[in-house]
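This report goes through one protein model and the ligand placed in it. Please have the sequence and the structure open while reading.

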Amino acid sequence: MDFSLTEEHLMIRDAARDFAQTELLPGVIERDDKQTFPQELVRKMGELGFMGIMVDPKYGGSGMDTISYVLIMEELSKIDASASVMVSVNNSLVCYGLEAYGTEEQKQKYLTKLATGEQIGAFCLSEPEAGSDATSQATTAIDKGDHYILNGTKNWITNGGRSDVYLVIAQTDREKGHRGINAFIVEKGMEGFDIGPKEDKLGIRGSDTHTLQFNDVKVPKENRIGEDGFGFKFAMKTLSGGRIGIAAQALGIASGAYELALKYSKERKAFGTEICNHQAIAFKLADMYTEIEAARMLVMRAAWDKDQGNNYDMSSAMAKLYASKVAMEQSVEAVQIHGGNGFVKEYHVERLMRDAKITQIYEGTSEIQKIVISRGVIKG
Ligand code: COS
């Protein structure tokens, strides 16, 4: 067993940290306040190879491993979880989904642009009545021979207004249940595809979240991903990797909040000494650090499982369940250590606390992760 990172991993982590500090940090409060999508920063992240981290270089990707992906996600998320969720969705839901299950034509046409950040992608599974209960897809894709006709509504779609490529899950044959579900590549601008207004959110306010409408959208058959009826398994397999990305995002929110709290506790004085010298604060720091390191082990384990070719359904669910809990609890503690200043935007921790909540909800709520884990435990 080896807990150390390679020289290459350390370099990748430092590059991500440097980018987050110099590029993401300066405008992060304003982007959160005004809900501004960081278009220019996405372009820069594409140049650094962050939009196709694990994609094979022959499709324009960086050809890195999942450990690298997790390291990059943690560093970006310490500073700006709105930017990191775009990276996560583009990498582990859209690029991975296309690379693992797309045809060579689909990879050449779509993946090559998504992996470089020239284009952005979105993953469209959730619906007004189908979030956790993902097999109950109301969106339909009727088979018309050489094309499908898509009708329905998708909710809370990250990158919803800014994407060029949308992977859309829809029901083709209701009688077949989940085996009648398909996944499709839908392009922005296809007739009948409309993007609703941007959601006004509690956290990750710089990310671009929309409801999407599909009204008789004609999707060519060559845009279906995998065999007929593969769509639900496609969503499940892709989300298992997505959960590693969100777990790493949660880890970054927690460690970012912790680092700010530690620094503050060494500067702020009360009762004649820096507040870190008071046991009330020192014990909080001890708990925070321990919890974050425990989350890190689970996140790294899930990434390692994926890199080794092991099944990572359970390890990614455990990583997301635990890291998101740590992000929520420890960002609250970071605000508490900051006292009154913690409630003020310029100290950053209140934003991290707001951003933390979504990690317990998207890409499968904590309750869904417990379903996945408990089924795995019982099955053995
Ligand atoms: N990989 C491959 N196949 C999987 C899978 C996985 N990780 N998980 C489930 N499947 C397959 C099952 O094997 C089953 O196929 P067969 O009947 O051919 O064996 C099929 O998918 C249906 O699985 P299951 O019966 O377990 O479906 P459930 O309705 O009980 O739902 C959960 C399973 C709850 C795990 C699933 O609906 C889920 O993950 N929901 C949350 C979705 C989500 O993350 N939403 C957020 C949207 S993205 S922001």
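## Terms and basis

Helices (H or I, at least four residues) and strands (E, at least two) are DSSP runs, numbered from the N terminus. The model is predicted, so local features need pLDDT of at least 70 and side-chain atom pairs count only at pLDDT 80 or more, while totals for chains, interfaces and linings use all residues. Residues are numbered from 1 along each chain as its sequence is written, and side-chain values use heavy atoms, with hydrogens and water left out.

## An annotated span

UniProt lists residues 231-377, in an unreviewed entry, as "domain: Acyl-CoA dehydrogenase/oxidase C-terminal". UniProt positions are given in the numbering used here, feature names are shortened, and annotations may be inferred rather than shown by experiment. Residues 231-377 are 78% helix and 3% strand, and the end C-alpha atoms of this span lie 26 Å apart.

## The ligand and its shell

A residue is near a molecule or strand if one of its heavy atoms lies within 4 Å of it. There are 21 residues around the ligand, and S132, H178, R179, R243 and R375 come nearest. Helix 7 (231-267) and helix 11 (366-379) each supply at least two residues of this shell. Helix 7 gives the most, with seven residues. The shell divides into seven nonpolar, seven polar and seven charged residues. In this division Ala, Val, Leu, Ile, Met, Phe, Trp, Tyr, Cys and Pro count as nonpolar, Asp, Glu, Lys and Arg as charged, and the others, Gly among them, as polar.

Buried means under 20% relative accessible area, exposed over 50%, and partly exposed in between (1.4 Å probe, protein chains only). Helix 10 (residues 349-358) is mostly covered, with seven of its ten residues buried. These are V349, E350, R351, L352, R354, D355 and A356. The buried residues of helix 10 pack against helix 2 (28-34), helix 4 (66-79), helix 5, helix 7 and helix 9 (313-338). Contact means heavy atoms within 4.5 Å.

H338 lies in helix 9 and is buried, with a relative accessible area of 4%. Not counting residues up to four places away in sequence, H338 touches L260, A261, Y264, Y347 and V349. H348 is placed in the loop between helix 9 and helix 10. At 16% relative accessibility, H348 counts as buried.

Most residues other than glycine have a negative phi. H348 is not a glycine, yet has a positive phi of about 75°. D216 also has a positive phi, of about 50°, although it is not a glycine. D216 sits in strand 7 (residues 209-220) and is exposed, with a relative accessible area of 53%.

N90 belongs to helix 5 (residues 81-101). Is N90 buried or exposed? N90 is buried, with a relative accessible area of 0%. The N90 side chain reaches the backbone oxygen of M51 at 2.9 Å. Leaving aside neighbours within four places in sequence, N90 is in contact with M51, C95, L114, Q119, I120 and G121.

G52 is in the loop between helix 3 (39-47) and helix 4, and is buried at a relative accessible area of 0%. Beyond residues up to four places away in sequence, G52 touches G61, S62, G63, N91 and A115. D80 lies in the loop between helix 4 and helix 5 and is buried, with a relative accessible area of 4%. With the same exclusion of residues up to four places away in sequence, D80 touches L24, V28 and R31.

Technical notes:
Polar contact = N/O pair within 3.5 Å; in protein donor to acceptor, adjacent residues only side chain to side chain.
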